[in-house]
Amino acid sequence: MHIRSPRRAAMAALLAMALVPATLTTAAAADVPAPVAPAVTVGGQAEDATSVRDFWTPARIKRALANSEKDEATFAAKATEAARAAGAATGAASRDTDLGLTAEAQQVLPAGSGPGGPAMSTAAATAVPEMPVAQKVPFPQNAPFVVAGKIVFTDKAGTEHGCSGASIVSDSGNTVWTAGHCIHPGDGTGPEGFYEKITFMPGFRKNDAVPDGYDAPWGKWVATKKVAPTQWTADGDVEDADMAAFEVTVPAGYTSLSDAVGALGYRFGAGSDFSDVIDSGFPGEGFHRTDMDAFTHFYCTGNAEDAFDLNPLDDRVKVDCDMGKGASGGPILTTDGQLVSANSHYEAEDDGVTRKNDDLFGSEHGDQAVAVINEINS
């Protein structure tokens, strides 16, 4: 995959201007007002965390993971149609606010790791191989891989569903980043439309040797505050806004999510082109694959690029990776542990069912992502 040099130069310029973590870009002159971030939709969790944890029995988790495969097929068809519509409207103005907002933070390791402890990468790890055929994460319950996990939730009809997500740096130390469609249907229902019983299980993995059939040794972290771009909750914009974050309740015996498993940093507002990224998630299927079960953590490596460089309406991030249904919300990150996008969807053929290729797409994490992380930290 070739990364275009103009894009790389533009990204470097943006990074050079980045301010402190989770702050909006400010105006250069005192008499020019600072840009206002895009609107976000905020929701809460009515049910207490203990009841939610008790709800998620092994049988319900198994149903959630099975349903995630069906969910992603439907979503892929809708996303493909939306992308085609955007491709046919290259002369139109983008709906993205394009204010040039930036936010950046460095990853943090679990408490007790120390400066010599495990990290997502080292300074020397400046390149990764092109690996579009996803491989199993070797130690999914150990740092740094434990930062990612499985998300389960119920829709308004009470049906169980599943996605992927990851702990991300925030002021509270208790925040998970995922795709917008993993916490809200994007159908105009506003704050009342958020899914219920949203629960994050870091380091999740299948384990037939235990009664439950899986391991979640860091427990079940139940969502409280939920935040998604209004551009997502209003009409499901996959190009710019399929992203979300939620805060979680700390289970007994822990101090915070980031102390327990660490947290990814982030680099928002740096465009769609990135050399050397790691894409991971918990897929229930893949492109021409039959060995994925939604319980197992997989990853790809390579480069990320603008999905359609000539179309201002389509700034999605594209990664060659054959992970599929169930990997939605999984992090796309740089080798220094900074999240730059989250898995959103793959492309479907004209029949709306068959997967077209091994590409995975995520929304560009620009103004909308800055707005979400700032609301989480407010």
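Is C300 buried or exposed? C300 counts as buried, because its relative accessibility is 0%, and buried means under 20%. Keep in mind that you are looking at a predicted model.

**Disulfides**

- The count of disulfides comes to two, and with bonded cysteines counted along the chain they follow the pattern 1-2, 3-4.
- One of them joins C163 to C182, with an S to S distance of 2.1 Å.
- C163 sits in strand β5 and C182 in the loop between β6 and β7 (196–202), so this pair ties together parts that are 19 residues apart in sequence.
- The torsion about the S-S bond of C163 and C182 is about -80°, which means that the disulfide is left-handed.
- C163 is buried with a relative accessible area of 2%, and C182 is buried with 0%.
- Another disulfide is formed by C300 and C321, whose sulfur atoms are 2.1 Å apart.
- The link of C300 and C321 is right-handed, with 75° about the S-S bond.
- C321 is buried, and its relative accessible area is 0%.

**Strand β6 and its partners**

- Take a look at strand β6 (residues 175–178): T175 and W177 point one way, V176 and T178 point the other way, and all are buried.
- Strand β5 (residues 160–168) pairs with β6 in the antiparallel sense over three bridges.
- Within this pairing, T175 in β6 is the bridge partner of I168.
- β5 and β6 form a hairpin with six residues between them, and G173 in the turn has a positive phi of about 75°.
- β6 is also joined by four bridges to strand β11 (residues 244–248), and these two run antiparallel.
- F246 in β11 is the bridge partner of V176.

**Salt bridges**

- Side chains of opposite charge can pair when their charged atoms come close.
- In this model the count of salt bridges comes to nine.
- R205 forms one of them with D215, and their closest N and O atoms are 3.1 Å apart.
- That pair links distant parts of the chain, with R205 in strand β8 (residues 205–206) and D215 in strand β9 (residues 214–215), 10 residues apart.
- R205 is partly exposed at a relative accessible area of 32%, whereas D215 is buried at 14%.
- E375 and K225 meet through their side chains in a salt bridge of 3.0 Å, N to O.
- E375 is in helix α6 (residues 367–376) and K225 is in strand β10 (residues 221–229), so the pair ties together parts that are 150 residues apart in sequence.
- E375 is partly exposed, with a relative accessible area of 23%, while K225 is buried, with 18%.
- R289 and D322 also meet in a salt bridge, at 2.8 Å from N to O.
- R289 lies in the loop between β13 (274–281) and β14 (298–306), and D322 in the loop between β15 (317–320) and β16 (331–334), 33 residues apart.
- Both ends are buried: R289 has a relative accessible area of 16%, and D322 has 5%.
- R289, D291 and D322 are linked in a network of salt bridges.

**A glycine in a loop**

- G269 is found in the loop between β12 (265–268) and β13, and G269 is buried, with a relative accessible area of 13%.
- The C-alpha atoms of G269 and L101 are separated by 5.9 Å, although these residues are 168 residues apart along the chain.

Conventions:
Residues numbered from 1 in each chain as written. Predicted model: local features only at pLDDT ≥ 70, side-chain atom pairs only at ≥ 80, totals over all residues. Heavy atoms only, no water. Buried < 20%, exposed > 50% of the residue type's maximum accessible area, 1.4 Å probe, protein only. Pairing = 2+ DSSP bridges. Salt bridge = Lys/Arg side-chain N within 4 Å of Asp/Glu carboxyl O. Disulfide = S-S within 2.5 Å.
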